[in-house]
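Please read the following account alongside the sequence and the coordinates. It goes from the overall layout to individual residues.

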Amino acid sequence: MVTLCGPLLAALLHSRTAHADPHPWQFDVKASYVVLGDHAQRSTGGLMPSLSARRTFALRENVSLGLGANLGAFGLFRDAAWMGILGGPLLSASLQPSRAPLSFELAAHLDFGRVPVCNAWGLCSRYLGFFPAIHLGIAYTLAKHLALVAACGVRVLRTLAWTGASVEPAVSGRFSF
């Protein structure tokens, strides 16, 4: 029995390690632009620098899933009352077709935080809550451990003052190890 199972077990172990990601940890430094609110003259948000870290798991040679966390803040150069802070877990999927230096990514951010929002009547408040987002992106591998990522995200907001979605274009640098 051992002689029959030995080659099968060796083949399974070899197939798991043959497709393992050589750089399973990713660290991103991102800059996005957030606009929240109905009208441009009453919107809040602004430049949102953020940091994220994730552990990737290779499913196939060109497909991987990631699990990590992110933290970002916007409205940094305004009155502290209008600063927003978002952070939480993130889930990602990546597809790299045919050994090209490009990969396509989808990330779901399950963010909690504090968001300032103004309504159509000019009433502005700060809200604590759950504000999930989805980001689609393209990553270009510059070197073995470095990549540049361009993405666009949509965040769902549901508050007493305003319900809607924000669009968040972003660019980030990625270090893998």
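Predicted model: local features only at pLDDT ≥ 70, side-chain atom pairs only at ≥ 80, totals over all residues.

Residues are numbered from 1 along each chain as its sequence is written, and side-chain values use heavy atoms, with hydrogens and water left out.

The protein contains one helix and 10 strands; helices (H or I, at least four residues) and strands (E, at least two) are DSSP runs, numbered from the N terminus. Read from the N terminus, the order is α-β-β-β-β-β-β-β-β-β-β. Of its 177 residues, 36% are buried, where buried means under 20% relative accessible area, exposed over 50%, and partly exposed in between (1.4 Å probe, protein chains only). Among contacts (heavy atoms within 4.5 Å) in the protein with a separation of 6 or more, 53% are between residues 24 or more positions apart.

The strand pairing can be followed from β1. Two strands pair if DSSP finds at least two bridges between them. Strand β1 (residues 25–36) runs antiparallel to strand β2 (residues 44–58), with 12 bridges between them; at one of these positions V34 has G46 in β2 as its bridge partner. Strand β2 is also joined by nine bridges to strand β3 (residues 63–74), again in the antiparallel sense. Here F57 stands opposite L65 of β3. Four residues lie between β2 and β3, which form a hairpin.

S52 is buried, at a relative accessible area of 10%.

D111 lies in the loop between β5 (102–109) and β6 (112–118). It is buried, with a relative accessible area of 0%. Its side chain makes a polar contact of 2.9 Å with that of R155; a polar contact is a pair of N or O atoms within 3.5 Å, and within protein one must be able to donate a hydrogen and the other to accept it, while residues adjacent in sequence count only if both atoms are side-chain atoms. Not counting residues up to four places away in sequence, D111 touches N70, L86, G87, G88, G129, F130, F131, P132 and R155.

The whole structure holds two aromatic pairs. One of them, F112 with F130, is tilted, at 5.1 Å centre to centre and 45° between the planes. Rings of Phe, Tyr and Trp (its six-membered ring) pair if their centres lie within 6.5 Å; planes under 30 degrees apart count as stacked, over 60 as edge-to-face and the rest as tilted. Because F112 lies in strand β6 and F130 in strand β7 (residues 124–130), the pair ties together parts that are 18 residues apart in sequence. F130 is partly exposed, with a relative accessible area of 43%.

The largest nonpolar core has 12 residues: V34, L36, M48, F74, L86, V115, V117, Y127, F131, L157, A161 and W162. A nonpolar core is a set of buried Ala, Val, Leu, Ile, Met, Phe, Trp, Tyr and Cys residues joined through side-chain atoms within 4.5 Å. Strands β1 and β6 are the elements that give two or more residues to this core. Leaving aside neighbours within four places in sequence, V117 contacts T44, L123, C124, S125, Y127, T159, A161 and W162.
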